[in-house]
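Shall we take a look?

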Amino acid sequence: MNPVPLSRRAFLKVSSLASGAFLIGLGAPHEARAEAPATDQPWTPNLYLRIDPSGRITIVSKNPETGQGVKTSLPMIVAECLNADWTTVQVEQAPLDDRYGRQLVAASGSTPDGWDDLRVAGTAACQMLIAAAAEKWGVPVNECSAENSQVIHSGSGRSLGYGELASLAAKQAVPEVGTLRLKSRPDEFKLLGKFVRGIDNPKILTGQPLYGSDVRLPGMLYAVYLKCPAFGGKVRSANLDALKREGGVHDAFVVEGTSDLKGLLPGVAIVADTWWQAEAARQKAVVAWDSPNQDSSAGYADQAAALKDAAQSTLQREDGDVVRTLERAHRVVEGSYHYPFIAHATMEPQNCTAHLDSAGNLELWAPTQNPLEGRKLIAETLAIPADRIRVNVTRSGGGFGRRLSVDYMVEAAAITQKIRRPVQLHWTREDDIQHDFYRPAAWHHFKAGLDQQGRLLAWDHHFVTFSREGNLAPAAWFAKDYYPASLTPNFRLRQSMIPCSVPTGPWRAPGHSAHCWAHQSFFDELAQAAALDPVQFRLQLLEQAYGKPPLDLERTRNTLKAASKLAGWGRTLGAGRGLGVAFHYDHDGYMTYVAEVSSDRPGQIKVEKVYAGIDVGPILNRSGADHQVVGCVMDALSAAQGEITFAEGRTQQSNFHDYPLLRIDQAPEVEITYLQGVERPAGLGEIIAAVTPAITNAIFAATGIRVRQLPLKASGITVSSLRI
């Protein structure tokens, strides 16, 4: 976790790249050579790369790893452009360092954000190694090439390893970024696109320390943090003296906190020699709360029902004349869809280790998607200068958007600030389920008009969502250019909002993972009304745009055709079996999923197989890509069965017994085809949205049950855990 060592002069030699990140000037090794014998020093041409005289290559991964695979795939970009032997490469996780620019896991942004910088880092270093070898041999540079961590002279067949050239490469002129020829096409790659296993796999399989929960510091204590069950509640009183008398307990105290639901919430901290002692003491805590929050799911539903036909909805967008077109349409179809709040339920509950030393320096070890936000929130809340806060990023046991919120980091910082000892805060599963930032529920009311050929003439959409203090609640948005905007000449979007006092936030493919289900399910209803095959209806919808479409029609059609072909769409299925299809585009990724479902008993289904057609540009690591797509399928099917409800301002679910996740024997088989063009690569973390509607459309094909409400059990559907 140590940062790459750089001299101050090196730090000053920065150049801004297209992404906005900084690449350290390649002149850094000159300073290193002046300070010590060159042969004893590793060559560190930039922030991402270090080559030891022994030939060992170290590549730094700047983005947090939450299971999405960037700790392997991003260093692969550097290795590809360096022409390095991947089997000799080791990878280091970078701490939070402003010089890296964006160190964030969100919106599938790690790959496209790092694409340019990492290729420059590898290519520039490779060019300097080649120049070093040419100088050593006294031959023209264009007679030398690099391969498998060696530079080879074509005329003589001589070769030198990168370690042998490191000190000489440090003396070479730094190439201008504009002169570098960067690999970009799949047919140029030797490493990228291959199946490369995750760099952390050996540690994961052998149980070696890797996650935030694994951090251990000398003299470290353990803490639990008790917050008001109702969101926004404050501590009125607590039996602190009694808690301090519990075995192993060092301290118990009230943290005043703030009213910001994303900040440091008020609570009671209990610190002990072991976590179990702290948790045992918490079970005896008697806390009186001031908790005015009375939000409830039943109340939300009542307000949504009242708003359905309300005339005061806010117009978000209107193209053409929806009302008149609907009056003249050959066929008019209406449908309403509702999905509930859901939790992230990361396998590793939230935790953070923190130590504020006697000099006022705070160091944290956190499984976070957003270390910069963690530092910022701590600095603002606890008045600790940001330049005195160091954040070490550990691997996370799942993120899915939950770890973009950093409440657990500021809690750990507040506790160490009070006790002045290293402390590890660890939430229970119940803490995690009941104090999440939930994907918000919503209601979608659709009305669409078709012509005699089944073409979409008009689309009227009333979206009922949530607000906080008059503005949209976090992650409760809906984009006004969301398709089928611009795919029909007459389009109208209206919006109504319900006040909400529970925390909400991004869940995987924020917004899209929910909205897509409603839209693609209603598309199926339209196809049925038009007596068209669901794939044919969608291909027809994607034929023509009216204005600027929100997606590339050809790339979307191609994924639709690819997934349909992979699934054998149109083949004869037995009784009680059905295929469902859905497409989507977001975060620069295109996807179509086809699900195959069987049902031999009423209301009970088995998702047999899911076929995926994916276009995110060139695939960097086939292993990571497969894991991402399969993970999307499992996560979507799991989430379709979950529901978070509220009463008296508090979450009613608490653990996996009442918020179950997908079990292994419920998991479908997944088959994938990738459409790899020459476009800039996108990430795969958000390639999830079309999975749920593909499954529910397949449920309709297999059973005749149209799922208009999630979770599935609300529509009378149970996912079988045993083969029927």
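**Reading salt bridges, domains and buried residues**

A: The term stands for a side-chain nitrogen of Lys or Arg within 4 Å of a carboxyl oxygen of Asp or Glu. Helices (H or I, at least four residues) and strands (E, at least two) are DSSP runs, numbered from the N terminus.

Q: What kind of model is this, and how are its residues numbered?

A: This is a predicted model, in which local features need pLDDT of at least 70 and side-chain atom pairs count only at pLDDT 80 or more, while totals for chains, interfaces and linings use all residues. Residues are numbered from 1 along each chain as its sequence is written, and side-chain values use heavy atoms, with hydrogens and water left out.

Q: Are Arg494 and Asp460 buried or exposed?

A: Buried means under 20% relative accessible area, exposed over 50%, and partly exposed in between (1.4 Å probe, protein chains only). Both Arg494 and Asp460 are buried.

Q: How many salt bridges does the rule count?

A: The count comes to 38 salt bridges. One of them pairs Arg680 with Asp116, where the closest N and O atoms are 3.1 Å apart. Arg680 lies in the loop between strand 30 (669–674) and helix 18 (691–703), and Asp116 in helix 4 (residues 110–137), so the pair ties together parts that are 564 residues apart in sequence. Arg680 is partly exposed at 43% relative accessible area, whereas Asp116 counts as buried at 17%.

Q: Which domains does the chain have?

A: Domain bounds come from an automatic or database domain assignment. Here the assignment gives domain 1 (11–32 + 42–206), domain 2 (212–292 + 350–426) and domain 3 (297–341 + 439–719). The centres of domain 1 and domain 2, taken over C-alpha atoms, are 38 Å apart.

Q: How much area do domain 1 and domain 2 bury between them?

A: The size of an interface is often given as the accessible area lost when the parts come together. Buried area is the accessible area (1.4 Å probe) that two parts lose on being put together, summed over both. For domain 1 and domain 2 this is about 1,200 Å², with 57% of it on carbon and sulfur atoms. Counting contacts (heavy atoms within 4.5 Å), 15 residues of domain 1 meet 16 residues of domain 2.

Q: How many salt bridges cross the interface of domain 1 and domain 2?

A: The rule finds 2 salt bridges across the interface of domain 1 and domain 2.

Q: Where is Ala595, and what is it in contact with?

A: Ala595 belongs to strand 26 (residues 589–601) and counts as buried at 0% relative accessibility. Leaving aside neighbours within four places in sequence, the contacts of Ala595 include Gly578, Leu579, Lys609 and Ala698. The C-alpha atoms of Ala595 and Ile699 are separated by 8.9 Å, with the two residues 104 residues apart along the chain.
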